[in-house]
Each structure stands twice: as structure tokens, then as C-alpha cells.
Amino acid sequence: MQYCLVCVCARHLQDYNDTIQVRNCRLVGLRDLKGSSKWVRARAASYMNELIDAGVAGFRLDAAKHMWPRDIYAILDKLHGLNTRWFPADIRPFIFQEVCTT
């Protein structure tokens, strides 16, 4: 079976041991964002930056194992440092990536 590496798989995830399926196919039928899209990355980072600017110190990335690491990095690389009203200068947001192993 071939997988499209530039689009989101339109079928349900069937094999949790197949990294490409885990990261491209629908988890329990849920639709996904196309993390490789510059627009999606920019929108996610913009929203997270609004929260950081408001004082949020960290984020939990739900189901991170279902995202390509390069897509996560591309978003996190765009984040501001924490708001200096509440935190020391040059502090990056805390990131927790939820990864279920079962």
C-alpha cells in the first residue's frame, strides 16, 4: 500500500505499528490538520503566540505521536518567548507532548 506523504490520509488508521499510517491516517475517524502546510503552521503558531502574550507558560500537544516531528518543530520554532510581565526574559514556553504507547 502506498501512502501520500504530502496529504492527510483519507482512511482510518489500521496499523499502530506503521509510523506512516500513525502520522497520516485518521485517528478514530477524526479529521486532521495538514501539518506540512505553511498556512496551518503559521495559524497554529499565531494562536499559540496570542496565548503566550496573554501569559500562558506552556502547552500540551495532544496525540503528538500522530504528528510528524518536523511539523511540530516548524510550529514550535515560531513561538515567542514567555511574556516578560510575568516571566524572566528569554524563557521559552514549556511544551509537553502527550504520547500514548498502547
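Some housekeeping. This is a predicted model, where local features need pLDDT of at least 70, side-chain atom pairs count only at pLDDT 80 or more, and totals for chains, interfaces and linings use all residues. Residues are numbered from 1 along each chain as its sequence is written, and side-chain values use heavy atoms, leaving out hydrogens and water.

On confidence, pLDDT is the predictor's score for each residue, from 0 to 100. The chain averages 86, and 88% of the residues score at least 70. Residues 1–7 stay under 50, and the model has 14 contacts for them beyond four places in sequence; contact means heavy atoms within 4.5 Å. Where pLDDT is low, the predicted coordinates should not be read in detail.

Now the layout. We have three helices and two strands, and from the N terminus on they run α-α-β-α-β. These are DSSP runs, numbered from the N terminus: helices are H or I with at least four residues, strands are E with at least two. Of the contacts in the chain with a separation of 6 or more, 62% join residues 24 or more positions apart. Buried residues make up 31% of the 102 residues, where buried means under 20% relative accessible area, exposed over 50%, and partly exposed in between (1.4 Å probe, protein chains only).

Let's look at α2, residues 38–53. Its 16 residues reach 22 Å from first C-alpha to last, close to the 22 Å expected at 1.5 Å a residue; that expectation is 1.5 Å times one less than the number of residues. Which residues of α2 are buried? They are V40, R41, A45, M48, N49 and I52. They cover an arc of only 160° around the axis, so they sit on the same side of α2; the arc is taken from the directions from the helix axis to the C-beta atoms. On the other side, W39, R43, Y47 and E50 are exposed. As a reminder, an α-helix has 3.6 residues a turn, so residues three or four places apart point the same way.

What do the buried residues of α2 pack against? The partners are β1 (58–61) and α3 (69–76). Zooming in, I52 has 0% relative accessibility and touches F59, L79, H80, G81, L82, N83 and P93, leaving aside residues up to four places away in sequence.

From the α3 side, D71, I72, A74, I75 and L76 are buried, and the buried residues of α3 pack against α2, β1 and β2 (94–97).

Last, two backbone spots to check on your screens. A63, in the loop between β1 and α3, has phi near 55°, a positive value in a residue other than glycine, and A63 is buried at 17%. D90, in the loop between α3 and β2, has a positive phi near 65°, but D90 is exposed at 78%. Thanks, all!
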